[in-house]
Amino acid sequence: MNVIRRKRKLASGVYEFLIESPQIVKYSQPGQFVILKLHEKAERIPITIAGKEGDCFRAVVRAVGKSTYELCLAKEGDQIMDVVGPLGRPSEIDLYGNVMLVGGGVGIATLLPIAEALKERGNKLYVVLGGRSKEYVIMLEEFSKLADELIVTTDDGSFGIKGVVTDGMQLFFEKVKIDVSWAVGPTIMMKFCCLKAKEYGVKIWVSLNPIMVDGTGMCGACRVTVDGKIKFACVDGPEFEGSRVDWDELLKRLAQYKKEEEESFKLFAERVGDLSWL
Amino acid sequence: MAVKPSPRKTPMREQHPKERIGNFFEVPYGYNEEEAVAEANRCLQCPTKPCVSGCPVEIDIPKFIRKIKERNFAEAARILKMYNNLPAICGRVCPQETQCEAKCVVGKIPNSEPVAIGRLERFAADWEAEHYVESKIDVAPAKHKRVAVVGSGPAGLTAAADLAKRGYEVHIFETLHKPGGVLVYGIPEFRLPKSIVEREVNYIRSLSVRIFLNMPVGKAVPVKDLLQEYHAIFIGVGAGTPKFMGIDGTNLNGVYSANEFLTRVNLMKAYLFPEYDTPVRKGKKVIVVGGGNVAMDAARSALRLGAESVTVVYRRTEQEMPARREEYLHAVEEGIRFYWLTQPIKYVGNEKGEVVGVECISMMLGEPDESGRRRPIPIEDSRFILEADTVIEAIGTEANRFLLSQFNGLKLNKYGYIVVDESTCATSMKKVFAGGDIVTGAATVIEAMGAGKRAAEWIDKFLSGEYDPWK
């Protein structure tokens, strides 16, 4: 149980893991997440399920702080102390017609099972994938097979269009009538995707990743304001209709433990040494 | 010769307030053997045993106290465990003053205090553990029937232990990574050390109860599988969803639910950050909203994290506050300030989205409301602002929607709690029983245990064909 069966580097500081958990494989649906706790003293980290393979589920992780660096340092064969899931509500998969899917950074991995389920249901997929540079546009091959049309954007123009994902969205909106859309990526990206979708009056689902502790509705750490009401991302989400989310508040809440995160990471880096190779 | 008990309880030694506000170690040290015997000698051994009627699990209190008098501590512990599977926990966190001790005859004597039943219970349980004596508990022959218990809090653990003693195969499903429910995430170390919870959970495991962690029923374990694979199900998931007042600024950084704050501190050991990875805000000026035990726990934890000042604001007065007297007095000793008749109406934030103050309004008490307590009424033009960098709302919890939505056909009341037959704990769904906070709303550990015990008795009757609540 909970053994890392395969680990693969997808980009600098971005790793894909296959973690053994028959129960998560059996019961999880697109859009759901797990919580990992590496060891006795570790935090509980929520991570979206990015697909399944045999008895394992796939998780894609970018090293940003102590806990995610520590996870990215884990090796094949290592066991994760606690894995709980699937958690959260699954995506609303239906036959919508033309669906636009926007993924940024490791959010691309979250988007993959949603894309597969939507495709299976018979939707046409218009996919925009974005990253800092070519290297960070992960899972390109999978999406190339799934997408009816695919646009890639990179900040530095090293691949696809030089620009951001909303530029890609714009191109699709001008060309086809989109019935519904999804955006998964950094919070700030999702905020701008929602503004873009609003311009065209298209409903957009987003998958939020606020600070979370238990993940089962017990603590309220992950609360977000949706339509002026308090919602818990762990049980009411993680997907919400993006036009209703109070993005500025969410962005501020994400910065809540910045100081502690820096302190924790500094101590960790002193202990493990150079991490630039990761 | 007539026994003349001393009027006062034998005092329990405890950490000095000045010292204890700097650590998370347990506050009271507990009785030693001499103190315990001295206290046990205050018991009159009334043949009518009024104390027993005050105990939700009906421990034969005079009997275990007599064994302490006789210095047969192991036997005292064994007697306790026949009734109570978690004596070291109950001895620490039960509201004895309103239960067993409230009925004690010694306490009825003018100027006299009741026998310290809770402290004696704690003593016997700790003595047993320290002396590595393990009570021989009679377990009935295997009945080859399986019971699933959802939730490993006080209700679930008690139901599981009692069913195991009756010969059932019991599996507990717990969503968190540690068993104990509120005992591990909610109650702070200085009031209930987690090693004590672990010890009593291990005792329950020793009765052949299996505990599956990280298993959210309804998500990782489908309800229909449970219904198929088990002969009966007990739901004891508590009422874990935090309530918020919903006033402006609730989502500012630094505003916590007591559940989040306490979960970070207790379950995730944030007080040991950065040795442990989970952080918690170490506020300088902390405001806690509420007047119950959870508010006291949150306030005292914040103080131990290094706050310069911790202020509890409560909309009624000291007389109406639901916290245990002992917890309140401990809080006062430690220097926590109280603003009575005060209600927050808005949190004030800065441009970074951090809380910097709490706008409050003064209240007065009007006529009694449905709770029987006098209703607080806002006083016009009485607004004022308290400075704060951390606010903890401890105003109660409600039913967790997460699991119950998965049990199709389970009848809930208008508050979202499970409707049961009070005497049998049977729900509207065949084979499914429930008890604890998910039935009653937030209550005490021992009340949840009482429900677990009652449920175990009726599950046994149901499974042995003696009684069927659904016929």
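First, the conventions. Residues are numbered from 1 along each chain as its sequence is written, and chains are lettered from A and ligands numbered from 1 in the order in which they are written. Because the model is predicted, local features need pLDDT of at least 70 and side-chain atom pairs count only at pLDDT 80 or more, while totals for chains, interfaces and linings use all residues; side-chain values use heavy atoms, with hydrogens and water left out.

I start with the interface. Chain A puts 46 residues into the contact and chain B puts in 44, where contact means heavy atoms within 4.5 Å. About 3,800 Å² is buried between the two chains, and carbon and sulfur atoms give 53% of that. Buried area here is the accessible area (1.4 Å probe) that two parts lose on being put together, summed over both.

How many salt bridges are there between chain A and chain B? The count is 3, with a salt bridge taken as a side-chain nitrogen of Lys or Arg within 4 Å of a carboxyl oxygen of Asp or Glu. D277(B) forms a salt bridge with K66(A), and the closest N and O atoms are 2.8 Å apart.

On the chain A side, the elements giving two or more residues include α2 (66-73), β7 (82-87) and α9 (258-272) of chain A. Helices (H or I, at least four residues) and strands (E, at least two) are DSSP runs, numbered from the N terminus. The largest share, 6 residues, comes from β7(A). By type, that side of chain A divides into 17 nonpolar, 12 polar and 17 charged residues. Ala, Val, Leu, Ile, Met, Phe, Trp, Tyr, Cys and Pro count as nonpolar, Asp, Glu, Lys and Arg as charged, and the others, Gly among them, as polar.

T278(B) counts as buried, at 3% relative accessibility. Buried means under 20% relative accessible area, exposed over 50%, and partly exposed in between (1.4 Å probe, protein chains only).

Next, aromatic pairs. Over all chains the structure holds 22 of them. Rings of Phe, Tyr and Trp (its six-membered ring) pair if their centres lie within 6.5 Å; planes under 30 degrees apart count as stacked, over 60 as edge-to-face and the rest as tilted. The rings of Y126(A) and F172(A) have centres 5.3 Å apart and planes at 70 degrees, so this pair is edge-to-face. Y126(A) is in strand β9 and F172(A) in helix α5 of chain A, 46 residues apart. Y126(A) is buried at 4%, and F172(A) is buried at 2%. F173(A) and Y200(A), by contrast in geometry, are stacked, with 4.4 Å between centres and 10 degrees between planes. F173(A) is buried at 9%, whereas Y200(A) is partly exposed at 33%. In chain B, ring pairs link Y314(B), Y328(B), F338(B) and W340(B) into a cluster.

Last, salt bridges in the whole structure. The count over all chains is 59. Which parts of chain B does the D460(B) and R166(B) pair tie together? D460(B) lies in helix α18 and R166(B) in the loop between α9 and β2 of chain B, so the pair joins parts that are 294 residues apart in sequence. The N to O distance is 3.1 Å. D460(B) is buried at 15%, and R166(B) is partly exposed at 24%.

R304(B) and E334(B) form another salt bridge, at 2.9 Å, and both are buried. Both also belong to a network of salt bridges whose members include E14(B), R20(B) and D297(B). R375(B) and E370(B) meet at 3.9 Å; here R375(B) is partly exposed at 42% and E370(B) is exposed at 75%.
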